Amino acid sequence: MALDQANQLSWIYNLYRIGHGATPGEQLAAIYQRILEHVVHGFDGASGSLALVEENVILFEEGEDLVIVAGLNIPQDVIGNRIHSGHGILGWVAEHKENLFIDGDAVGDERFKDMVLDRTDKPASALCWALRSEGKFTGVL
């Protein structure tokens, strides 16, 4: 097995361990943060966020909210914010349940032409995944 493949398997295994290795009583926020950090660092990213379907919602349906539960190198006051279906990039991913890659400024992307981005330090690129568990939409990374 090539070293690259071994590193990939090790990375996946470590991600699995983070998710399943929580200690009893450990706060979900800490687990979410560790998972997010592992993924962002694994892809050599500069920042990231994890937004999940609200805890009491079983299935994502149009109009329901996501909540940002973890963030890395984003303003701390963003944690806990709601994202409405179809609003912003994460909301677009949630509405369409499609992964998204943006290479360059999102303002030039037709899907987001009417979107007002309020950040002055916009990322040069973004990779967003629609998360699913057992076939159900659960959030956006």
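**Entry 1: one leucine.** I started with Leu 90 and looked up its contacts, skipping residues up to four places away in sequence. Leu 90 touches Ser 49, Ala 51, Leu 66, Ile 83, Cys 128 and Val 140.

**Entry 2: the core around it.** Next I looked for the largest nonpolar core, and it has 16 residues. Leu 90 is one of the members that touch the most others, along with Leu 66, Val 93, Leu 100, Cys 128, Phe 137 and Val 140. Who supplies this core? At least two residues each come from S1, S2, H3, strand S4 (100-103), strand S5 (125-128) and S7. H3 gives the most, with 4 residues. I also found another core lying apart from this one, with 10 residues, including Leu 36, Val 40, Ala 70 and Leu 72.

Entry 3: I traced the strands and got an open sheet of 5, in the order S3-S2-S1-S7-S6, paired antiparallel. Strand S3 (82-84) and strand S6 (130-133) are the edges, since each pairs on one side only. From one strand to the next, the twist averages 40 degrees.

**Entry 4: helices on the sheet.** Helix H2 (residues 28-42) packs on the sheet, where I see it touching strand S1 (48-53) and S2. The direction of H2 makes about 65 degrees with that of S2. Helix H3 (residues 88-96) lies across S1, S2, S3, S6 and strand S7 (136-140). Against S7, H3 runs at about 170 degrees.

**Entry 5: Asp 65.** I zoomed in on S2 (residues 65-72) and S3, which pair in the antiparallel sense over 3 bridges. Asp 65 stands opposite His 84 in S3. Is Asp 65 buried or exposed? Asp 65 is buried, with a relative accessible area of 9%. I counted salt bridges too, and the structure holds 1. The partners are Arg 82 and Asp 65, with their closest N and O atoms 3.9 Å apart. Arg 82 is in strand S3 and Asp 65 in strand S2, so the pair ties together parts 17 residues apart in sequence.

Entry 6: The protein averages a pLDDT of 82, and 79% of the residues score at least 70. S1 has the highest confidence, at 94, and helix H1 (residues 3-20) the lowest, at a mean of 85. Over residues 56-60 the pLDDT is below 50, though this stretch has 10 contacts in the model beyond near neighbours in sequence. Where pLDDT is low, the predicted coordinates should not be read in detail.

Terms used: Residues are numbered from 1 along each chain as its sequence is written. This is a predicted model: local features need pLDDT of at least 70, side-chain atom pairs count only at pLDDT 80 or more; totals for chains, interfaces and linings use all residues. Side-chain values use heavy atoms; hydrogens and water are left out. Two strands pair if DSSP finds at least two bridges between them. Axes are lines fitted to C-alpha atoms, for helices over the stretch in contact, and angles run from 0 to 180 degrees between N-to-C directions. Contact means heavy atoms within 4.5 Å. A nonpolar core is a set of buried Ala, Val, Leu, Ile, Met, Phe, Trp, Tyr and Cys residues joined through side-chain atoms within 4.5 Å. Buried means under 20% relative accessible area, exposed over 50%, partly exposed in between (1.4 Å probe, protein chains only). pLDDT is the predictor's confidence in each residue, from 0 to 100. A salt bridge is a side-chain nitrogen of Lys or Arg within 4 Å of a carboxyl oxygen of Asp or Glu.
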